[in-house]
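Here is a friendly tour of a protein model, taken one region at a time. Keep the 3D view open as you read.

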Amino acid sequence: MTTVILGLSRYVLAFFFALYTLHCFLGFSSGNEEERRGTAILQALFLILIHTGGFTVLYFKTGDPEVLFFCALQEVLFIGYMVLMRILYPGCSRLLINNMCLFLALGFVMLNRLSPGDHLRQFVIAVFSLIITLPLPYLTGRIKELWRYTYAFGISGIVLILLVAVLGQVTRGSRLSISIAGVSFQASEFVKILFILFLSGILSEDCFFGDSRKDRELRSINAVISGIFALAYVSIMVLSRDLGGAAIFFMIYVFMLYFALKKPWILPAAAVAGAVGVFLAYKLFPHVRNRFLAWRDPFSYIEGQGYQITQSLFAIGTGSWFGMGLNDGSPDKIPIVTRDFIFSAIAEELGCIFAVCLILVCISTFLMFINAAMAGTDPFFRLLALGISVSYAFQVFLNIGGVTKFIPLTGVTLPLVSYGGSSLLSTALMFAIIQGITAREGML
Amino acid sequence: MKKDRIKEKSPNHELHIIMYLFVTVFLVITVFFSAYVYLYAPKTINSSYNMRQQNLERKVIRGTIYSSDGEILAEQAMNHDNVEVRYYPYKEMFAHAVGYSTRGKCGAEYAGNIDLLTSNAPVNERLQHEMAGERNYGDSIITTYDTALQKTAYDALGAYKGAIIVIEVKTGRILAMVSKPDFDPNTVSENWAEISADTENSPLVNRATQGLYPPGSTFKTVTLLEYIRENPGTYNDYSFNCKGSYTYGDTRINCFHSSVHGKVDLLEAYEKSCNSAFANIGTLIDPDSLNKTAGELLFNKELPFDISSGKSSFVLNSGSGEEEIVQSAIGQGNTLMSPAHMALITCAIANKGVLMKPYEIERVENYRGTVIKEFSPEEYKRLMSEEEAEILKEYMTDVVENGTGRKLKDLPFGAAGKTGSAEYGTIKGNSHSWFTGFSNPEDPDISVTIIMEGAGSGSDYAVPMARRIFEARGSR
């Protein structure tokens, strides 16, 4: 019986995940409340099946009963969170809650397989993050006045990343994290949210909606001030050698400015500015050149800078469509697999069909985010939702694009799936803010 | 009114653009990712750096390798201790062509590695095996190797060190590939320390593709092509009076066995393989231009083989000294090339200037014989114009009719080729025996390229051996 389960598991898991993914998109089109409720509950069921299935396979492979214990605890967490959210916020998006739990569930399965220590830490941080963000949707909608301390957000963000840039610890050549009371924080993950709040404030002032001369002048002034702030953020990120982070900040600014000013020329202008920035980074920083080389021709540098990406390509390629099966691959051969290369580990063991479904679920998450911006009425919250959408989508793009050799590696996490406390908590904050905006507008 | 309607955009216009932008980018990544998995991954993961092949081996029983005539060349079998081993029924005969899979992979075992480790058995059967926790049967590969031709080539080379490679010129199918000294792939793993330490014989080296030798007179074909290119209308007017040697500056070039060829034109110089005349031609042509022609004929380039091959080298340029110029023109000097490379040039000449990509895997079948994929001949590159190929073919035909390849003359289907006796080392008179050529010049069939290390002259040793192979193939 055991061998039957193990033998079929990779097909069954891919099948359940395909059904889950299908329901992500069915959810957009289904009409009345009854139907949407049905879709969401069915989808949650697939989520539990995938999670249980993954942990069952790991239990048979390792024989460790602790695995089943964690499996049960995590499902209590998921179901508890789903129920609590619906009770507290009847207007929130069930599908978005499901996606959030699904990402966490996939992360748990892979982390348990890859590194039980990371798995335990991730679980504790997830419990903490879900609890701490529980009141946030309420706060998002209600304490509107707080959000108006625009410059406080803008300046405190800069101060924070500056502090980290000067005092922080150097990991893998980048100065990114700071230790407070033994817990290390990756500040830029949180500063991202401060930056989005700042931009939402400054770009939603009344002058953006009037057409008098004074409005136009004020608009230009605000655009310039926001530009100066954005430049400061991006520069500090570049100097702390976090180019992935710098790119995310840049994208957030470009798209939020484009939405606020509604000028089409902003996009091509930003593309040119981005290209110049990448070119300068290539010329100025040896580590950027190394990443480019490793991207263009990884097999020539297979024992050096191309090692990670070639291991990732081997993992994805050897796993092929249905994967090697959990615990039957060698994802641990990829350096930093739990943070940067979790997608490759999933593709290797659970298969590329599974991985494609994961990309589709990320797309559906992005669509739900940007939907909150579209359905919103308050300009501040529309901008806030857009900023979060862009930040999320671009980070997913950098991560998956990097590990599949579509673009050079930038070393960012796959939100909620990758191991990493700061990334998990900050993404949970973003999901909660979106839920707040959604619940506020009473849609989905 | 109409103008106003256009101006009045939806408040979500920008959001829609941003949404479509990101969704498009994600879909592009999805396509890129799927294309990698479907098209490029099988090749990428067949790298010796990919330790994950061991994971595949735990799930799949390595498939069988067949010859084109249906003989088993490699299969999984039980030894007398009931341990699963890789069994090679032909032992040394296919040592380099089929290769081995235990100490790294080489030969067909390397080229077809991922196919051998992939199971395309019927789905229900695969599921049954997976449910039972058993391994599936890997796919079989059917090679282009012909056991009869391989045996002829293997026997012909006898106790000599050297290599033979036989390629079908119109398709690029490799029909036979022999390299000696050889080893028994059945015991290569057990005897690894001994075999790999034998640097005197280097039995692991596939001399056909990896061995680099001075080409000797076989290189005159390249020099000839360059001379024709530089003197398109007048090359037939070339004339040289051979007195058995040629002196250029301080360098003296002797004809083989110091033969005196007398007054020769270009065709006679080539058919008699007159070193003095070709040394003279070497002084008449532009060294840079000869280097360019050599480059077009794949010198200093990776060869289009699926298995590992050496890179031939040709270094002559306008800065080279007098000795190097005349030595290079007759295939001595610093020039080195592999027999397989020589074979490719001959194939291109026989095939109107177009080189077909050489390949050794004809098709992949599942273990029950259902075809999974078939490889058809594909053009690799044009190495020279059709007219140039036609002229070189006539010259090579003449070598067999009137020159150093006369021992092939009375073959019923005819032949064309070029011999070579390449001097090596410091002792005068030691030479490798070369032949490269093809059968049936009217409608070329196969090319045969032979090198016998230290055997002597090409016409005395390599040519009769080529004859045995041409005869074994017969007329088709």
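Predicted model: local features only at pLDDT ≥ 70, side-chain atom pairs only at ≥ 80, totals over all residues.

To find the residue, look in the loop between α4 (95-98) and α5 (107-111) of chain B, where B:Arg103 lies.

Which residues does B:Arg103 contact, leaving aside its neighbours within four places in sequence? They are B:Val188, B:Ser189 and B:Trp192.

An α-helix has 3.6 residues a turn, so residues three or four places apart point the same way.

Start with α7 (residues 150-167) of chain A. At 1.5 Å a residue, its 18 residues should span 26 Å, and the C-alpha atoms at its ends are 26 Å apart, which agrees. The buried residues of α7(A) are A:Thr150, A:Phe153, A:Gly154, A:Gly157, A:Ile161 and A:Val164. They cover an arc of only 105° around the axis, so they sit on the same side of α7(A). On the other side of α7(A), the exposed residues are A:Val159, A:Leu163, A:Val166 and A:Leu167.

Now turn to α14 (residues 287-296) of chain B, where B:Leu290, B:Asn291, B:Thr293 and B:Ala294 are buried. Seen down the axis, the buried residues of α14(B) fall within an arc of 160°, so they line one face of the helix. Part of what covers these buried residues is α11 (220-230) of chain B. After α14(B) comes B:Leu298, which has a positive phi, near 80°.

## The two domains of chain A

The domain assignment divides chain A into domain 1 (1-134 + 285-444) and domain 2 (145-279). The centres of the two domains, taken over C-alpha atoms, are separated by 26 Å. Where they touch, domain 1 of chain A contributes 22 residues and domain 2 of chain A contributes 26 residues.

On the domain 1 side of this contact, α12 (286-296), α16 (379-403) and α17 (421-441) of chain A each supply at least two residues. The largest share comes from α16(A), with 12 residues. Sorted by class, this side has 13 nonpolar, 9 polar and no charged residues.

## Where the chains meet

## The largest nonpolar core

The largest nonpolar core has 272 residues, and those with the most contacts inside it are A:Phe249, A:Met256, A:Ile346 and B:Val166. Helix α15 (residues 352-375) of chain A gives the most to this core, with 17 residues. The core also draws at least three residues from each of domain 1 and domain 2 of chain A.

Take a look at A:Phe249 itself. Not counting residues up to four places away in sequence, A:Phe249 touches A:Phe195, A:Ala230, A:Tyr233, A:Val234 and A:Met237.

How values were computed
Residues numbered from 1 in each chain as written. Chains lettered and ligands numbered in written order. Domains from an automatic or database assignment. Contact = placed C-beta atoms within 7 Å. Helix = DSSP H or I, 4+ residues; strand = E, 2+ residues; numbered from the N terminus. Nonpolar A, V, L, I, M, F, W, Y, C, P; charged D, E, K, R; others polar. Expected span 1.5 Å × (residues − 1). Buried ≥ 20, exposed ≤ 12 C-beta atoms within 10 Å, placed from the backbone. Arc of directions from axis to C-beta. Core = buried A, V, L, I, M, F, W, Y, C linked by C-beta atoms within 7 Å.
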